[in-house]
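Here's a quick briefing to read alongside the model. Have the sequence and the 3D view open as you go.

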Amino acid sequence: MSPLRRRLLFGIPLALTVAGGEGFYILLKRMGNNTYDPHALPSPLIGKRPPAFNLPGINGSQGFANTDLLAPPKPMLVNWFASWCIPCQEEANILRKLSATGLQIWGIAYEDPPPNLAKYLAQNGNPYTRLATDASGLTAINWGVYGVPETYFIDKTGIVRARWAGALTDEILTTELTPLLAKYA
Amino acid sequence: MIPELGHFALALAVALACAQGVIGLFAPTLRDPRAMSAASALALSQFLAIGASFLALIYAGVVSDFTVENVADFSSAAVPLIYRISGTWGNHDGSMLLWCFILSLCGATVAAFGQNLPASLKSRVLGVLGLVSAGFLLFALTVSDPFTRLWPPPLEGVGVNPILQDPGLAFHPPMLYTGYVGFSVAFAFAIAALIEGRIDAAWGRWVRPWALLSWCFLTIGITLGSWWSYYTLGWGGFWFWDPVENAALLPWLTGTALLHCAIVVEKREALKAWTVLLAIATFSLSLTGTFLVRSGILNSVHSFAASPDQGLFILALLAVTIGSSLLLFAIRAPVLAATGIFAPISRESALVLNNIFLCAIAAVVFTGTLYPPFANLLFGIQLSVGAPFFNQTVLPLTTPLILAMAVGPLLPWKRAALAPVLQRLWLAGAVALIVFLVVAANRHIIAALGLAGGAWVVFSALTDLAERVRLFRVPLGTSLARFSALSRALLGATLGHIGFGVTVLGIAGMTLATQKVVVLTPGHSAQLGGYTWTLNDIHDAPGPNYTQRVADVTLSENGKPFLSLAPTRRFFTAQHVTTNVAAIHTNGFQDIYAVFADEPAGSNGAELRLNRQPMAPEIWFGGLIMALGGVTSLSDRRLRVGAPSRKKKPAGAVA
């Protein structure tokens with residue numbers, strides 16, 4: 001091996017390390033301004049419209065379909081929940097607060113028997129503008145729902161812009177939802 | 001008052017570490033013997049200062065001084081004493097202080113027991129350690145101060161995370177950190193040697209015990225962590241391929257490679273640059289592991305609430321430490337020429353092969369661990385890399401490693417022939433083949449391969465030993481005499497290989513595990529693994545800072561009860577957290593494992609997870625045997641002769 005090639009070979013570890021360190025630096029910067037979240041669960045729906053579905057409401061009342069979500073007048077949320085889910089009950093307060101601000105929240109009850117659902121809404125209040133029930137859970141699979149509660153942000157063109165797996169928190173409202181509402185207003 | 005003293009001691013330690021770094025590195029250039037010996041004194045006083053600081057934090061935890069934010073947030077008066085102590089390093093700031101404490105302990109040990117080192121080398125080693133220490137102490141002092149005060153103090157602390165209130169986990173971090181940080185000494189030796197531009201057999205002899213000692217601690221630390229996850233998380237597994245586990249495994253892999261190639265430097269003065277690179281890489285991987293855990297950059301079950309600012313600080317530290325050492329390597333290492341030459345089939349080549357496989361595994365694990373964040377960075381996609389990837393890539397690389405590690409120790413140095421060695425391994429080969437055929441007959445090909453591999457490693461190591469004592473060829477008494485005359489280094493190496501083989505046996509056996517999740521009401525039973533598992537009763541039991549529900553389970557075989565298990569669920573009232581304590585019965589070769597997972601509402605019964613895990617205990621026995629092998633090797637006469645001063649006080653030979 002020529003001395004030059006030997007020198008270059010011995011410089012490879014340094015070069016790799018510099019590149020890796022640069023990458024980590026950018027990642028940390030992105031974590032700092034919330035454009036990178038290692039814990040984020042990717043949603044296949046982001047940037048797309050929800051897949052076709054037509055779900056009934058509770059006890060034969062009117063539910064809603066994907067066509068109802070094509071062009072909402074204002075950005076809105078679709079919230080997946082269930083009466084048997086403890087975090088959903090904790091989230092109910094935040095949803096009530098949000099719906100009081102005029103934000104439309106449409107709810108889809110996931111694998112929930114109607115009597116339990118009715119009791120749940122009576123106890124925890126009904127923050128939902130419209131309500132549908134996914135008794136079979138098939139629509140949830142098509143949406144890629146990870147578990148309830150789960151909330152989707154849909155803009156005025158009907159495209160899903162964000163998804164939160166797990167209960168919404170006050171922190172998510174201030175750091176993520178409020179900027180999104182401003183951006184897609 | 002005590003926390004202020006601790007804080008002051010920490011600040012003092014920064015100053016001492018800076019002085020140690022600067023004086024240690026430049027004194028040899030000035031050829032000033034007094035300055036060179038000052039580095040030792042500074043290292044010892046730095047150790048005392050950090051020790052005082054660490055004791056102050058432990059004291060605050062023990063007396064539950066809630067004016068210290070760290071204590072208020074992560075401890076409480078209600079937890080038992082041992083967890084008030086271990087709670088001090090069960091959180092971000094406290095564990096950084098533990099990290100610095102162990103680093104200074106390493107420096108102090110080199111200063112105290114390194115009398116046989118040339119003065120200039122010792123001074124430079126201490127200088128490097130001082131600089132690293134200064135960086136991390138600054139981190140602890142500025143952005144992660146464990147002594148931050150809180151006023152007004154809360155009446156009661158938040159408490160120790162219930163899942164960490166466990167004896168296995170109380171000692172897992174100190175062991176693991178000693179392993180991680182211990183490699184700083186090998187790193188410092190590598191840097192000092194690069195500065196001096198000289199590496200010889202003596203260097204190999206000095207650096208190896210340090211690498212071996214930290215390797216032992218790292219092995220124990222990983223074993224404890226894996227064992228803890230097995231018996232407390234109640235999922236019946238022992239390894240997640242979680243990023244943080246991988247972060248501990250990576251330095252273990254390169255550290256194991258370092259141990260082996262340092263032998264080549266010591267015996268044959270070859271592979272010098274590669275050994276230096278491994279020493280740098282091992283410590284760098286330890287540092288990177290610390291960074292990954294603390295920056296939150298990876299999605300991991302091991303959460304350390306940390307801010308990106310702290311991540312940036314550590315990244316800067318890493319950049320300086322790793323960057324400058326690799327720059328030094330790029331400039332100085334090309335001149336390190338090997339003096340020993342060896343044939344393609346020889347002990348040296350076998351050790352090179354070992355290094356290739358270990359580093360290949362390390363490279364695969366490294367890539368898999370860091371792929372998700374970098375895929376996001378480069379291609380903008382969010383993905384995760386899980387157990388299937390690691391299992392499918394690591395297993396094929398482990399197979400040749402297992403095959404080769406049996407042959408290597410039997411090969412002579414310089415030049416060897418393969419055929420006679422393979423002939424001597426006929427017994428191990430036969431045992432492995434029988435194991436394979438027996439297990440494969442039951443259609444468990446993966447388990448059969450693994451068990452055969454484990455048997456191959458264990459029996460070949462035993463064959464090596466039997467050959468050396470000429471067992472059955474000379475009278476037994478002569479064999480025993482030959483055995484006691486064997487060098488400890490050789491015994492240690494054999495034990496290390498046997499331990500690895502035993503771990504392989506355990507991991508392979510785990511693939512035969514059977515499990516079942518059942519909901520039982522009292523009086524009913526389930527069948528698993530040939531046993532009848534009956535739930536007798538569910539009852540309450542008191543605990544110090546928790547209440548618990550105990551499920552009373554009886555196992556019977558052919559109608560005869562032979563075992564009672566009492567898996568429990570603990571409710572920690574302070575944190576509203578429930579933990580499961582698995583009931584495990586082991587006979588050394590099989591674990592019977594029951595977890596009380598839940599009491600489903602309305603069912604009036606218990607959800608139980610039942611497992612029968614053959615060979616599971618061998619995973620951790622193997623880890624212990626490996627570490628024991630390391631300790632045996634450390635007690636070798638050659639190393640003791642290398643340090644004449646230790647003859648005067650043998651009790652403190654290895655701190």
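Predicted model: local features only at pLDDT ≥ 70, side-chain atom pairs only at ≥ 80, totals over all residues.

Residues are numbered from 1 along each chain as its sequence is written, and chains are lettered from A and ligands numbered from 1 in the order in which they are written.

**Chain A overall**

- Chain A has five helices and seven strands (helices are DSSP runs of H or I with at least four residues, strands are runs of E with at least two, and both are numbered from the N terminus).
- Reading from the N terminus, the order is α-β-β-β-α-β-α-β-α-β-β-α.
- Chain A is more spread out than a compact globule, because its radius of gyration is 22 Å, well over the 16 Å that the globule rule gives for 185 residues (the radius is taken over C-alpha atoms, and the rule is 2.2 Å times the number of residues to the power 0.38).
- Along the principal axes, the C-alpha trace of chain A spans about 85 × 30 × 30 Å.
- Of the 185 residues in chain A, 29% are buried (20 or more other C-beta atoms within 10 Å of the residue's own, with C-beta atoms placed from the backbone).
- Among contacts in chain A with a separation of 6 or more, 74% link residues 24 or more positions apart (a contact means C-beta atoms, placed from the backbone, within 7 Å).

**Helix α1 of chain A**

- α1(A) covers residues 3–32, and its 30 residues reach 44 Å from first C-alpha to last, close to the 44 Å expected at 1.5 Å a residue (the expected span is 1.5 Å times one less than the number of residues).
- There's a kink of about 35 degrees at A:Ile12, shortly before the proline A:Pro13 (the bend is the angle between axes fitted to the seven residues ending there and the seven starting there).
- Buried residues in α1(A) include A:Phe10, A:Pro13, A:Phe24 and A:Met31.
- After α1(A) comes A:Asn34, with a positive phi near 65 degrees.

- β6(A), residues 150–154, is largely enclosed by the rest of the structure, because five of its five residues are buried.
- A:Glu150, A:Tyr152 and A:Ile154 point one way from β6(A), and A:Thr151 and A:Phe153 point the other way.
- β3(A), residues 76–81, runs antiparallel to β6(A) and is joined to it by five bridges (strands pair if DSSP finds at least two bridges between them); A:Leu77 has A:Phe153 as its bridge partner.
- β7(A), residues 160–165, also pairs with β6(A) in the antiparallel sense over five bridges, and A:Glu150 has A:Ala165 as its bridge partner.
- β6(A) and β7(A) make a hairpin with five residues between them, and A:Gly158 in the turn has a positive phi of about 85 degrees.

**Where chains A and B touch**

- The contact takes 22 residues from chain A and 25 residues from chain B.
- On the chain B side, α10 (272–295), α11 (308–332) and α12 (347–379) each give two or more residues, with the largest share, twelve residues, coming from α11(B).

**Helix α13 of chain B**

- α13(B), residues 387–407, has buried residues B:Phe390, B:Ile402, B:Met405 and B:Ala406.
- The buried residues of α13(B) pack against α12, α15 (426–441), α16 (445–468) and α18 (488–510) of chain B.

Conventions. Buried ≥ 20, exposed ≤ 12 C-beta atoms within 10 Å, placed from the backbone. Contact = placed C-beta atoms within 7 Å.
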